[in-house]
Amino acid sequence: MLIDRSVLDDIASQLAAQPQDRMRSASIPIRLDPLDLAACGSHLTGFAAYFGDDDHEIAALGSAWRTDAPYGEERFAQLSEAVSGIPIPDDVPVLVGFAFDESGAVRPEWDGFNASSAVVPMIAVRRTGTQTRLFVTLAPGAANFEALALLRQLPAERQDRRPRAADHTIESSPSPGTWEASVADAVEAIKVGAFHKVVLARSLRVTADVPVRPFDLVRRLRTDYASCFVYGWQQGAATFVGASPELLMAKQGDRLRSHPLAGSAPRGVGEDADQAIGEALMASSKDREEHRAVVDDIVARLEPIVAELSVDRVPSLRKLTNVQHLSTEIAGRIGGQQTVLDLAGVIHPTPAVGGTPHGDALAFIRKSEGFDRGWYAGGVGWASTGGDGVIALALRCALLRGDRAWLYAGAGIVADSEPSAELDETRLKFRPMLELLTES
């Protein structure tokens with residue numbers, strides 16, 4: 001078994017000592033890579049998840065409690081209220097995720113992914129720094145053996161499985177030419193004052209003759225993009241995976257933090273070339289305008305509800321494996337009882353994924369893109385019943401369903417945007433996930 005029998009006995013004793021008509025939770029220190037839990041057990045349950053970065057990882061199997069907030073403007077407030085009322089210890093993780101659009105996902109490939117969701121895992125492994133704990137949580141009336149039986153089915157060790165050779169077909173939605181025409185339309189609309197910025201996305205559908213193993217892909221993402229927020233959210237037969245460089249919102253105690261990225265350029269070959277490209281990005285008036293629109297919008301939304309707010313005066317460069325971005329950290333202190341979900345709802349969707357002004361940009365996106373963003377450019381992360389948490393923007397991602405994968409990438413369009421250059425930016429953002437999916 002993946003989990004030692006003595007650990008299971010300890011968990012069983014803790015659960016047995018608690019009233020069965022209430023939600024029960026037990027935990028114990030454990031030596032285990034959290035991702036092994038999801039990779040080894042995802043086939044045994046309808047829900048499995050992983051979310052992590054260098055400092056903090058959570059993996060989950062099964063659900064002891066779940067809510068899917070209604071569609072509309074109040075989804076974040078309702079989700080926050082629901083999570084705050086769960087009768088569990090504050091250190092039991094709650095996994096959260098939500099769609100880009102308040103109306104949620106509608107196309108069949110997104111079946112099971114709601115406008116917003118929160119799940120208390122039946123089984124979770126959480127690493128914070130060097131400390132790792134196993135959590136087992138049961139719904140009122142649930143028998144202890146449900147979770148223990150699932151834990152006993154986990155194999156003794158994870159087996160590395162090399163992907164089998166596969167043939168692939170790739171389809172673009174919309175076509176590159178159609179998308180460039182939409183970018184040109186957006187530029188004209190911006191020049192006549194319809195809005196200031198809009199983020200237009202495109203999608204690739206990759207079909208293979210061999211199904212992808214989702215959490216094996218998550219493991220590759222964790223290895224290759226260790227500085228990013230890596231995630232996998234399995235909902236039934238589909239899994240949403242990615243490695244996002246962008247923090248939407250984090251809250252710890254009365255402190256909040258957001259780290260928007262906007263303005264992009266490729267990495268250079270060699271240190272000198274890379275430095276020259278980075279310096280050109282920093283000097284680009286088009287990219288600085290795009291970035292400033294994002295930062296100013298987030299600050300304007302947060303200022304009325306926070307006690308303090310500090311913003312970097314000049315953006316810095318965030319360098320990833322194949323791309324570099326302009327980056328600004330926004331930090332502050334909350335002035336009330338806002339939770340991480342409340343704060344995320346205040347700023348989502350930021351102009352980094354939507355546009356400005358918000359309503360006009362979203363109307364253009366809905367009219368122009370022609371596909372369902374689903375959870376792409378939404379959020380994924382964790383929250384606690386006490387209101388803390390970390391939520392990343394769901395970027396650099398793919399939705400996996402059997403032998404098909406849908407990839408998503410976008411570019412920020414402003415008055416100086418050139419359609420061909422923006423198309424190249426989306427290709428740059430597609431490349432890491434596309435290479436992983438087609439490398440066999």
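Modeller: Start with strands: S1 and strand S6 (residues 131–138) run antiparallel and are joined by six bridges. Two strands pair if DSSP finds at least two bridges between them. Strands are DSSP runs (E, at least two residues), helices are runs of H or I of at least four, and both are numbered from the N terminus. This is a predicted model, where local features need pLDDT of at least 70, side-chain atom pairs count only at pLDDT 80 or more, and totals for chains, interfaces and linings use all residues. Residues are numbered from 1 along each chain as its sequence is written, and side-chain values use heavy atoms, without hydrogens and water.

Biologist: Which residue of S6 is the bridge partner of Ala26?

Modeller: Val136 is the partner of Ala26. Strand S1 (residues 24–29) is mostly covered, with five of its six residues buried, meaning under 20% relative accessible area with a 1.4 Å probe, protein chains only.

Biologist: How many residues does the largest nonpolar core have?

Modeller: In soluble globular proteins, nonpolar side chains tend to be buried together. A nonpolar core is a set of buried Ala, Val, Leu, Ile, Met, Phe, Trp, Tyr and Cys residues joined through side-chain atoms within 4.5 Å. Here the largest has 88 residues, and Phe51, Val198 and Met249 are among those with the most contacts inside it. Helix H5 (residues 176–191) gives this core its largest share, six residues. A second, separate core of 55 residues includes Leu35 and Val323.

Biologist: What is Val198 in contact with, beyond its neighbours within four places in sequence?

Modeller: Its partners include Ala186, Phe364 and Ile413, where contact means heavy atoms within 4.5 Å.

Methods
Buried means under 20% relative accessible area, exposed over 50%, partly exposed in between (1.4 Å probe, protein chains only).
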